[in-house]
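Subject: Structure handover

Hello,

Here is the structure for you to look over. My notes on it follow below.

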Amino acid sequence: MTPTTTPRRAAAVLVSLATAGALGTALAPAALAHNTLVGSTPEDGATLDTAPEEVELTFNDEIGEGNNAVAVSGPDGDDHTDGDVTVDGDTATAQLRPLEESGEYTVSYRIVSADGHLLEEELVFSLSDSAVSDQSPDNGAGDADETDSGETDETDSGDQSPAGGEDTTNPMAAFGPAGIVVAAIAVAAILVIVLVRIRANSRGRGGGES
C-alpha cells in the first residue's frame, strides 16, 4: 500500500500549494493597490460662485505618512495654498488664501498610498466673475466718506467761535461778569460826580445873584 499512498499524498500537497498560490496572486493586487480619489471639495470640473476657503480630498483608503502635498495654482500661476496639507485618515485638507481672480484653478496633489507608493494627480475648478466681485472692497465708498468728512470738518471749523466761546464784538466780554459789574460802578460814580458838580454850580450862581 505504500507505493499507492505516496503518490496520492504528493498530489494532494501539489494541489494545496497551487490553490494557495492562486489565492495569493488574487489577493496581492487588492492589498498593494494605490489609493483612489473618491471625492473632493470643490468637485473636479465645478464652476463656483463663491470662492472656497479650503480644498478637501477624500480617498478610498487611509493616507500614509510622509511626503504628502497639495498645491492650488490660479490663472496667475501662483500657489494659493496657505500652510501645509493636513491629513486625517483618508482625507487631505489644504487651506487657501483669498482667491481674487476669476478663471480656472488647478489642484495638484501628491499623497502616500496605503501601499507606500506615491499618488500624483490633479483636478480643476473655476471661479465665476461674481465669486471674485463679492470679495472686492468698495474703495469708492471709502473715498466718498473721507471727502464728506473733510468738508464737514472744514465747515464746522469755520463756524466755531474763538476759544472759550467769547464774543469778540463786545469789548467788555473779555472781562467777564466781574468786568461788567466794575464798569457799571464806574459809570454810576461818574454820574454822581457830574450831578454833584451841577448842583455846586447851581448854588454858586444863586449866591452871586443875591
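One definition before the notes: contact means heavy atoms within 4.5 Å. With that cut-off, and leaving aside neighbours within four places in sequence, Leu127 is in contact with Leu48, Thr50, Ala51, Pro52, Leu99, Glu101, Ser102, Gly103 and Tyr105. Please keep in mind that this is a predicted model.

Leu127 also matters for the core count. The largest nonpolar core has 22 residues, and Phe125 and Leu127 touch the most other members. Elements giving two or more residues to this core are E2, E3, strand E4 (64-73), strand E6 (91-95), E7 and E8.

Now the aromatic rings. A pair of aromatic rings is described by the distance of the centres and the angle of the planes. There are two aromatic pairs here. Phe59 and Tyr109 are edge-to-face, with 5.7 Å centre to centre and 70 degrees between the planes. This pair links distant parts of the chain: Phe59 sits in strand E3 (residues 54-59) and Tyr109 in strand E7 (residues 103-112), 50 residues apart. Both Phe59 and Tyr109 are buried.

Tyr105 and Phe125 are stacked, at 5.5 Å centre to centre and 10 degrees between the planes. Tyr105 lies in E7 and Phe125 in strand E8 (residues 118-127), so the pair ties together parts that are 20 residues apart in sequence.

Next, the strands. Strands of a sheet pair through backbone hydrogen bonds, either parallel or antiparallel. E7 and E8 run antiparallel and are joined by ten bridges. Ser108 has Glu122 in E8 as its bridge partner.

E3 has partners too. E1 and E3 pair in the antiparallel sense over four bridges, and Ser40 stands opposite Leu57 in E3. E3 and E6 run antiparallel, joined by five bridges. Glu54 stands opposite Gln95 in E6. Side chains alternate along E3. Val55, Leu57 and Phe59 point to one face and are buried.

Two local points remain. Where is the cis peptide bond? It joins Thr41 and Pro42, with omega about 0 degrees. Pro42 lies in the loop between strand E1 (37-41) and strand E2 (46-48).

The other point is Asn68, found in strand E4. Buried means under 20% relative accessible area. Asn68 has 15%, so it is buried. A polar atom of its side chain lies 2.9 Å from the backbone oxygen of Gly64. Leaving aside neighbours within four places in sequence, Asn68 is in contact with Ile63, Val85, Val87, Arg110, Ile111 and Val112. The C-alpha atoms of Asn68 and Asp84 are separated by 8.9 Å, and the two residues are 16 residues apart along the chain.

Best regards

Notes. Residues numbered from 1 in each chain as written. Predicted model: local features only at pLDDT ≥ 70, side-chain atom pairs only at ≥ 80, totals over all residues. Heavy atoms only, no water. Phe/Tyr/Trp six-rings, centres within 6.5 Å; stacked < 30°, edge-to-face > 60°. Buried < 20%, exposed > 50% of the residue type's maximum accessible area, 1.4 Å probe, protein only. Core = buried A, V, L, I, M, F, W, Y, C linked by side-chain atoms within 4.5 Å. Pairing = 2+ DSSP bridges. Polar contact = N/O pair within 3.5 Å; in protein donor to acceptor, adjacent residues only side chain to side chain.
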